[in-house]
Amino acid sequence: MARIQDNNKLYSFLRYYVDATFFLAYRRHEYVDLNKIPTDGALIFAPNHTNALQDALAVLVADHKPTVFVARADIFKNPTIAKILTFLKIMPILRIRDGFSNLSKNDEIMERAVDVLCDRVPFCIMPEGTHRAKHSLLPLVKGIFRIALLANERIAGRMPVYIVPIGIEYGSYFRYRSSLLFTVGNPINVTRYVEEHLDDDVPQLMNGLRHELTEELKKVILWIPDDETYEPLLELCYLTTANRLKKQGVKPSLQNRLRMNKTVVADAQKLAQEQPKQAKYLFEKAAQIAEQRKKYGISVDSLQRNYLLVSVLLKSLILLVTLPYFLVTALITLPIWAIAEGITSRMEDKVFRNSFRYVLTLLLLPIILLACGFILFLNLSWSMALILLLALVPSHIVVHEYMRLLRLTVSDWRLFKKPVLRSLIAEVRTLFY
């Protein structure tokens, strides 16, 4: 009987296409510290979970090896969907919300997970148990630690078992073609941990590993306490990080931006401890900026503009010059963006928007380009058809970049027309820089 971790030639072939289309979903992407992934043992990848399917795909692309994942059991109820998910190397896992009486079925799933690890196939489980679009962490569930300890019982002495913390940061949780930063943290050697805590029982081992993983994950993401200071602290990052990087002459890479964001949060927390009254005033002003910015539909990108009117004029000129090309590409990719807009606008959970757009692009983009090629080569000379087809290949990207530029132009103009808000932004930067 075929096992989920067994090699599948069709799966391996399609991986190249999946990888290529995945990166279409992001304008910028950086993969950091991949050399930290151990090569001498069984791997359990443990990423933070903020963006539905995109988190799993980010892991899959990083390692370039077949990786087995878990997903909530309720989506496996449809037999056809279950077959597709199994082909994609995704296993079901039951959660408490599925009923305590069903949790015993997870024993079989745990055994399958251990079987995967025994074959040295990477296994990925989101330790938070569910996704949440926040720069924070939910309490980690114990399933990942049960699997790790069970696997260690089976294969200790043959090879070590590792839990590999992974931090995934997005420029936006909801905007298509934002940015992706993927950072590998310090692996937790479960085998060594167990050897160093021989007097601990299983619950103590699980709690210890949970603490270790929580702390390692905090190091590779922008972790902001999920309390009343969350919004002000995040807004302070938006307001000051870019300026700090520029002042220090540091390259504005995604990795450097994360580091500076963490510094901003640490500085603000230090201020709150040492000068609580000043910090309270600063946080109130930052929260006020965030509220007004969202009310008027102003993007965080507009906060980085020093000359808003010049920015608006320059962007408007680019939009005008490229309008004919945009109209053609928008017509070509109409089935993708029209369906995407129609469905994602009605989604209750906005986190699924990017995942849906990605899957839709994965399925429809090659069909659209093949149809365009067929029509062009049927009606034009070979050379002219080839030139036009090559011009249409980036259509999907052109449409999203044009709309992004249009959105930022409108945002810059809105901020330009709000002198009071701009004065408030300048005051906060003066107080906290």
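Axes here are lines fitted to C-alpha atoms, for helices over the stretch in contact, with angles taken between N-to-C directions from 0 to 180 degrees. I need that for the first pair I looked up, and I keep in mind that this is a predicted model.

**Entry 1: helix 5 and helix 7**

I started with helix 5 (residues 143-155) and helix 7 (residues 202-219), whose axes cross at roughly 115° and come within 10 Å. I noted the crossing of helix 5 and helix 7 as right-handed. Then I went through the residues that touch. On the helix 5 side I have Ile-144, Phe-145, Arg-146 and Leu-149, and they meet Val-202, Leu-205, Met-206, Leu-209, Arg-210 and Leu-213 of helix 7. Sorted by type, the contact of helix 5 with helix 7 has eight nonpolar residues, no polar ones and two charged ones.

**Entry 2: helix 1 and helix 2**

Next I took helix 1 (residues 9-24), which packs on helix 2 at an angle of about 115°, the axes being 10 Å apart. The crossing of helix 1 and helix 2 is left-handed. Helix 1 brings Tyr-11, Arg-15, Val-18, Asp-19, Phe-22 and Phe-23 to the contact, and helix 2 brings Gln-54, Leu-57, Ala-58, Leu-60 and Val-61. My tally for the contact of helix 1 with helix 2 is eight nonpolar, one polar and two charged.

How many of the residues of helix 2 are buried? I get 10 of the 11 in helix 2 (residues 53-63), so the helix is largely enclosed by the rest of the structure. I checked the names as well: Gln-54, Asp-55, Ala-56, Leu-57, Ala-58, Val-59, Leu-60, Val-61, Ala-62 and Asp-63 are the buried ones. After helix 2 comes His-64, with a positive phi near 55°.

**Entry 3: helix 12 and helix 13**

For helix 12 (residues 334-344) and helix 13 (residues 352-379) I wrote down an angle of about 155° and axes 9 Å apart. Why do I call helix 12 and helix 13 roughly antiparallel? Angles over 145 degrees count as roughly antiparallel, and the pair packs at about 155°, so helix 12 and helix 13 are roughly antiparallel to each other. The crossing of helix 12 and helix 13 is right-handed.

From helix 12 the contact takes in Pro-335, Ile-336, Ile-339, Ala-340, Glu-341, Ile-343 and Thr-344. From helix 13 I listed Arg-353, Phe-356, Arg-357, Leu-360, Thr-361, Leu-364, Leu-365 and Ile-368. By type, the contact of helix 12 with helix 13 comes to 10 nonpolar residues, two polar and three charged.

**Entry 4: Asp-349**

I stayed with these helices for Asp-349, which sits in the loop between helix 12 and helix 13. Its relative accessible area is 30%, so I put Asp-349 down as partly exposed. Which side chain does Asp-349 join through a polar contact of 2.6 Å? The partner is the side chain of His-131. I also took a distance back to Tyr-11: C-alpha to C-alpha, Asp-349 and Tyr-11 are 29 Å apart in space, and 338 residues apart in sequence.

**Entry 5: two positive phi values in loops**

Lys-89 is not a glycine, yet its phi is positive at about 65°. I found Lys-89 in the loop between helix 3 (79-87) and strand 4 (90-93). Buried or exposed, I wondered, for Lys-89? Relative accessibility is 3%, so Lys-89 counts as buried.

Arg-120 is another residue other than glycine with a positive phi, near 60°. I placed Arg-120 in the loop between helix 4 (106-118) and strand 5 (123-124). With 45% relative accessibility, Arg-120 counts as partly exposed.

**Entry 6: Asn-189**

Asn-189 belongs to strand 8 (residues 188-189). Buried means under 20% relative accessible area, and Asn-189 is at 14%, so I count Asn-189 as buried. A polar atom of the Asn-189 side chain lies 2.9 Å from the backbone nitrogen of Arg-192. Setting aside neighbours within four places in sequence, I have Asn-189 in contact with Pro-160, Val-161 and Tyr-162.

**Entry 7: Ile-387**

Last, I looked at Ile-387 in helix 14 (residues 382-392). Ile-387 has 53% relative accessibility and therefore counts as exposed.

Definitions and conventions. Residues are numbered from 1 along each chain as its sequence is written. This is a predicted model: local features need pLDDT of at least 70, side-chain atom pairs count only at pLDDT 80 or more; totals for chains, interfaces and linings use all residues. Side-chain values use heavy atoms; hydrogens and water are left out. Helices (H or I, at least four residues) and strands (E, at least two) are DSSP runs, numbered from the N terminus. Angles under 35 degrees count as roughly parallel, over 145 as roughly antiparallel, 65 to 115 as roughly perpendicular and the rest as oblique. A crossing is left-handed if the near helix is turned anticlockwise from the far one by less than a right angle, and right-handed if clockwise. Contact means heavy atoms within 4.5 Å. Ala, Val, Leu, Ile, Met, Phe, Trp, Tyr, Cys and Pro count as nonpolar, Asp, Glu, Lys and Arg as charged, and the others, Gly among them, as polar. Buried means under 20% relative accessible area, exposed over 50%, partly exposed in between (1.4 Å probe, protein chains only). A polar contact is a pair of N or O atoms within 3.5 Å; within protein, one must be able to donate a hydrogen and the other to accept it, and residues adjacent in sequence count only if both atoms are side-chain atoms.
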